[in-house]
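Please load the model in your viewer and keep a selection panel at hand.

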Amino acid sequence: MLSSMFDDDDEEEDFGENETRGTLAEEDVEVEEEDATPVPPPAEADFATALYCTGVFLVDHEEYEDSLPCFLAAQNVRREIFGWDHPSVGDALHMEGIVCATTGDHDRATLLLYDALRIRKIENNSLKVSATLRAMGDLHVAKREYLHAELFYDECLRDQKSNRGYNDKSLPDIMVDLARVKIKLGEHTEAMKYFDEALDVRTMTLGPEHPLTASLHYEIGQLAFQVGDCEHGERSLDNFIQLRKRKGQENDFLVGNAFFTLGTLYAAKKQKDSAKFYWTEALQIYHAIGLPDDHPCFVALQKKIKKAAEQNDDKNRRNLFGRKKSITAGSDMRSGSLHGSSSHGSSSHGGKKKDSLPGRSLH
């Protein structure tokens, strides 16, 4: 992630070449200017560039503490040569700020990134301004200052849209950052709007089956369930699962979570067999990726499967008891009807006998 913020490619600085041409022109017309910018010593400029590149290399290899002296030294040399507000100074400040944010020195990171942003706005380089704005948004998220983070992400998004348009592949990343902050602020409808917009741009720029496009289906699905739109959530999570399966990436923690969530949905719908199927799939994925047995997801899933099995056993016992009771009641009814017929028949015969006796006495 840090490497995406390395907006300074540290191209070969042509300061010496440009200013040498200016000096030669001045000699031709024999004009002396006391305030003319001195030609930077090539050795010192190269030394600053080497320090900066070494710092970036160390950051790429996660050697954050070792990279800090490189960026600090590069700043000092560049300030002496080019001045405090030179773009190359802003680049070094930006990188040192990112490293400080990563290592938890948030106060120093804030100062460095603000200074870098000031210089980059003077330079009017939209690409670098956007990178620093996003880094400042990330910093405030780390500090749980979500309102501040929202402001920086929003400015970054507006800057990106106005300078790069919707065809830029990095645009959805900022939309996703802003959507996640909106969730933290409880603004779920706004968050869904940014997620949907990011999905449209990623589908257009990366394609519908790109892993980053698929991951957006997951986030949209989870958010849809939070706001109660179960149909939207089910559709999005199912899309996510199918996209990952087609890429052969089904043994993934997020895929397991998607199965877990869908199982819970079907359990709420009283579709126990479907719920058990999805939960079992999630459990198999958690096993495959080596999730420890005491992981919260693993523990919760096992409890749900066990409870579903117990409820199914209770249902089977009730059904069995109900069938036995029905059979017993039916047997009693048949037995009662047989006895009733017998009694009725004997009374009839008895009645006939009583009727016939008087007749016989009369004769």
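Begin with the whole protein and its contacts (heavy atoms within 4.5 Å): among those between residues at least 6 apart in sequence, 54% join residues at least 24 apart. The model is predicted, so that local features need pLDDT of at least 70 and side-chain atom pairs count only at pLDDT 80 or more, while totals for chains, interfaces and linings use all residues. Residues are numbered from 1 along each chain as its sequence is written, and side-chain values use heavy atoms, with hydrogens and water left out.

Colour by secondary structure next. The protein shows 14 helices and zero strands; these elements are DSSP runs numbered from the N terminus (helices H or I, at least four residues; strands E, at least two). Of the 363 residues, 39% count as buried, that is, under 20% relative accessible area with a 1.4 Å probe and protein chains only, whereas exposed means over 50% and partly exposed lies in between.

**First pair: H6 and H7**

Select residues 126-142, helix H6, and residues 146-164, helix H7. Their axes come within 8 Å and cross at roughly 160 degrees; axes are lines fitted to C-alpha atoms, for helices over the stretch in contact, and angles run from 0 to 180 degrees between N-to-C directions. That angle makes H6 roughly antiparallel to H7, a label for angles over 145 degrees. H6 passes H7 in a left-handed crossing, meaning that the near helix is turned anticlockwise from the far one by less than a right angle. Residues that make the contact include Leu127, Ser130, Leu133 and Met136 of H6 and Phe152, Tyr153, Cys156 and Gln160 of H7. The contact of H6 with H7 divides into nine nonpolar, seven polar and five charged residues. Here Ala, Val, Leu, Ile, Met, Phe, Trp, Tyr, Cys and Pro count as nonpolar, Asp, Glu, Lys and Arg as charged, and the others, Gly among them, as polar.

**A residue on H7: Gln160**

Stay on helix H7 and select Gln160. Is Gln160 buried or exposed? Gln160 is buried, with a relative accessible area of 4%. Beyond its neighbours within four places in sequence, Gln160 contacts Ser130, Gly165, Asp168, Ser170, Leu171 and Ile174.

Move to helix H9 (residues 188-205) and helix H10 (residues 211-226), whose axes come within 10 Å and cross at roughly 160 degrees. H9 and H10 are therefore roughly antiparallel to each other, and H9 passes H10 in a left-handed crossing. Among the contact residues are Phe195 and Leu199 of H9 and Leu216 and Ile220 of H10. By class, this contact has 10 nonpolar, six polar and three charged residues.

Helix H12 (residues 253-268) packs with helix H13 (residues 272-288) at about 160 degrees, with their axes 7 Å apart. H12 passes H13 in a left-handed crossing. The contact includes Phe259 and Phe260 of H12 and Tyr278 and Trp279 of H13; its classes are 13 nonpolar, five polar and two charged.

**Last stop: the cores**

A nonpolar core is a set of buried Ala, Val, Leu, Ile, Met, Phe, Trp, Tyr and Cys residues joined through side-chain atoms within 4.5 Å. Select Tyr52, Phe71, Leu157 and Phe195, which touch the most other members of the largest core, one of 50 residues. Apart from that core lies another, of 28 residues, among them Leu243, Val255, Leu265 and Ala267.

Conventions:
Parallel < 35°, antiparallel > 145°, perpendicular 65-115°, else oblique.
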